[in-house]
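Q: Please take a close look at one part of this model, the helix packing. Which helices cross, at what angles, and which residues make the contacts?

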Amino acid sequence: MPRQYVLFGRPLPRLGSRHLSLLLVSVSLFAIFSLLFTLPSAIPTGPSLQIADHKLSIPDSIKKPWNKVNPFKQPAHAPPRQKNDTYGQSSWYANWKWLSYPFSSSVTLDESRSLLPELAQRPPIYVYYDNTIEREKATKEVESDILLSWRRAWWAQGFKPIILSPAEAMNNPLYEELQHRTEGMDPSLKTDMMRWLAWENMGGGLLAHYFLFPMGAYDDPLLVYLRRGEFPGLTRWKDLGDGLFVGPKTDVAKAIKLAFASPNLKTAKNFLEATSASKEAGPFTIDDTEPSSLAFYSASELKLYPKVAETIGGDRVAGLKSLNELINAHLHQTWQNLFSEGIAVVKPLPQHTTHMIAPSYAVALRLASCPANNPLPSSCPPNRPKCVPCSTTAHPLKISTPAHYKNSSALYTIGTVPHPYTIQSLSSMREQITVPWIRRESVRDAWVGDLMTDVFKGKAVPAGARVLRFKEAVAGEYGSARSLWLTAERDDTPEGILDWHFGFHLPALPSSSSSTKPNEKGDHKHDDATEKIESEIHKPKDTTILPPLHSEKEGPVPTEQDLKLEPNLLSRAKTIVSSAISDDEEGAENNKNKKVHVTKEEIKIREAVEAWNLADWEAWRFARAYLARKEMEREKWAEEEEKYAGGMGSEKEAGGDRWWRVV
């Protein structure tokens with residue numbers, strides 16, 4: 001028989017298992033609340049009990065967005081701000097771990113800062129121009145245009161082109177010695193000596209002629225060697241003459257002193273003749289290999305182009321202008337030959353993104369066309385005698401609009417990266433997006449998932465892995481030389497700004513592009529209904545050049561009504577994204593000027609779309625920040641270099657210089 005317990009003479013009721021469980025839970029809750037609220041305030045403070053002063057509270061890390069995976073992680077300071085890490089409304093943090101984390105906030109601890117690769121150091125390449133010589137205005141302008149072409153071409157290949165003048169030569173301690181030896185010296189040798197004094201004053205490196213242009217692949221071995229900027233000795237190339245010298249400062253100084261000691265200093269015509277006549281061994285290491293990626297338009301090479309050479313002999317201004325046009329055409333032609341598979345204007349989720357990729361398609365049309373002012377259309381660069389001349393009829397450059405990104409060294413890719421709100425609005429053809437629709441019906445990270453389908457061969461991989469491959473295609477050393485990624489929310493690309501990215505002046509859009517049917521030379525075959533739609537949207541009155549519609553094998557073809565709805569949906573999405581990016585005065589002023597009204601509810605919906613499509617949002621912010629940093633780098637360099645050499649080789653004042661600055 002069970003034992004009966006008694007308290008104060010009265011029998012205690014028996015506790016069943018249910019009552020016992022309830023009692024234990026009550027005691028536990030009482031103990032927890034006592035610890036949280038009673039104990040810290042009840043214990044008196046003192047030297048040995050200082051910890052009791054700290055009342056328990058919810059950790060701040062739970063409230064931080066980057067600790068959602070581990071909300072109890074201790075809060076950490078964000079990485080310190082870096083110099084020049086903001087441009088427009090883009091902000092970034094450069095770190096070598098940029099391919100280690102799919103999402104930037106894992107390192108930056110800030111949703112507004114993108115994690116970018118460290119900015120590659122551009123080795124300076126120098127050219128000498130004597131701006132103290134009196135010249136006619138027309139001559140000065142055409143020479144400045146050639147210097148601008150020279151700077152543009154070398155900048156696109158990863159160098160920092162710098163124009164030197166007599167001001168740098170005068171800062172050299174050996175300048176006074178040159179002044180004492182100028183009597184009886186040939187003027188051309190004096191100019192060459194000033195060139196070398198200016199170069200030595202800058203610390204050596206690379207010294208080029210302004211008729212020497214890089215015409216080869218970005219990863220060409222010679223260009224890679226020059227970009228490295230490490231030269232063991234003074235070197236020149238046998239086939240380039242005085243077109244290119246590389247070497248350290250000490251060897252440059254020895255060569256200058258050797259020229260001063262030359263016995264035929266009074267008779268020599270240039271620096272090479274002066275140093276070769278010295279009794280000592282020559283200062284140069286001569287490289288006998290053929291510099292296949294460098295084109296030198298020297299006086300001897302101009303014999304290949306008799307029409308241009310004759311024009312220079314008769315009218316120097318007209319001849320130099322013709323030569324500049326020929327060089328620009330050869331740079332463009334070399335670029336086309338490097339990408340024999342053509343240009344791919346990627347179009348993920350193709351059913352409703354025709355208008356969205358129209359600006360990128362217009363860039364492709366310009367790249368695939370031929371310069372109209374080429375004086376010798378069938379000619380080749382001096383370093384590429386077996387080139388394929390540019391021709392839009394005999395062998396046109398193919399332009400395709402695939403839905404998926406293809407990693408090929410012979411294919412150039414132009415991408416349009418949309419904000420998640422933009423692509424969700426277009427793909428669903430909805431002007432109003434709601435949270436229930438986002439959660440229940442929308443496809444998560446649809447854009448980056450469709451873009452990288454071929455890269456992973458259709459395998460199911462996490463969105464983070466796709467984002468990393470996208471970043472590598474945008475900013476990797478290999479991918480950045482073979483692709484250009486624009487954001488869908490930017491304004492139309494102004495004329496002439498793309499030149500610095502590609503290294504040559506792009507021709508204007510062909511006048512017949514807006515009225516040409518998209519399938520005349522393409523591989524896509526559509527039914528009669530589709531062709532009717534295409535002929536309608538490509539009427540001459542339409543200023544927007546639309547790409548050809550995709551094949552039915554790649555997905556549903558849009559209807560005529562869908563194509564008419566796209567521009568309005570795209571415009572509204574741009575407005576909402578622009579208004580929600582920042583609450584600063586600049587953004588508010590822009591919205592005021594556009595006379596638009598965006599409600600707080602729409603901004604909240606945008607934020608919900610971003611939170612639901614983190615991979616697409618990361619891709620958009622990364623592409624926007626990467627392009628903004630490139631433009632900031634070039635802009636600051638151009639502003640600095642305009643101060644020197646009388647502003648020669650600088651761009652003329654023109655509006656619309658922010659071609660990839662987005663909202």
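A: Axes here are lines fitted to C-alpha atoms, for helices over the stretch in contact, and angles run from 0 to 180 degrees between N-to-C directions. Helices (H or I, at least four residues) and strands (E, at least two) are DSSP runs, numbered from the N terminus. The model is predicted, with local features needing pLDDT of at least 70 and side-chain atom pairs counting only at pLDDT 80 or more, while totals for chains, interfaces and linings use all residues. Residues are numbered from 1 along each chain as its sequence is written, and side-chain values use heavy atoms, with hydrogens and water left out.

Helix 12 (residues 316-338) packs with helix 13 (residues 358-368) at an angle of about 110°, their axes being 10 Å apart. That makes helix 12 roughly perpendicular to helix 13; angles under 35 degrees count as roughly parallel, over 145 as roughly antiparallel, 65 to 115 as roughly perpendicular and the rest as oblique. His 332, Trp 335 and Gln 336 of helix 12 make the contact with Arg 366, Leu 367 and Ala 368 of helix 13, where contact means heavy atoms within 4.5 Å. By class, these residues are three nonpolar, two polar and one charged. Ala, Val, Leu, Ile, Met, Phe, Trp, Tyr, Cys and Pro count as nonpolar, Asp, Glu, Lys and Arg as charged, and the others, Gly among them, as polar.

Arg 366, Leu 367 and Ala 368 are among the buried residues of helix 13. Besides helix 12, the buried residues of helix 13 pack against strand 14 (342-345), strand 15 (399-400), strand 16 (411-417), strand 17 (483-487) and helix 19 (499-502).

Another crossing involves helix 14 (residues 420-428) and helix 23 (residues 600-612), whose axes come within 9 Å and cross at roughly 95°. Helix 14 is therefore roughly perpendicular to helix 23. Pro 420, Tyr 421 and Gln 424 in helix 14 meet Ile 605, Arg 606 and Val 609 in helix 23. This contact has four nonpolar, one polar and one charged residues.

Seven of the nine residues of helix 14 are buried, so helix 14 is largely enclosed by the rest of the structure. Its buried residues include Pro 420, Tyr 421 and Gln 424. Just after helix 14, Met 429 takes a positive phi of about 55°.

Terms used: Buried means under 20% relative accessible area, exposed over 50%, partly exposed in between (1.4 Å probe, protein chains only).
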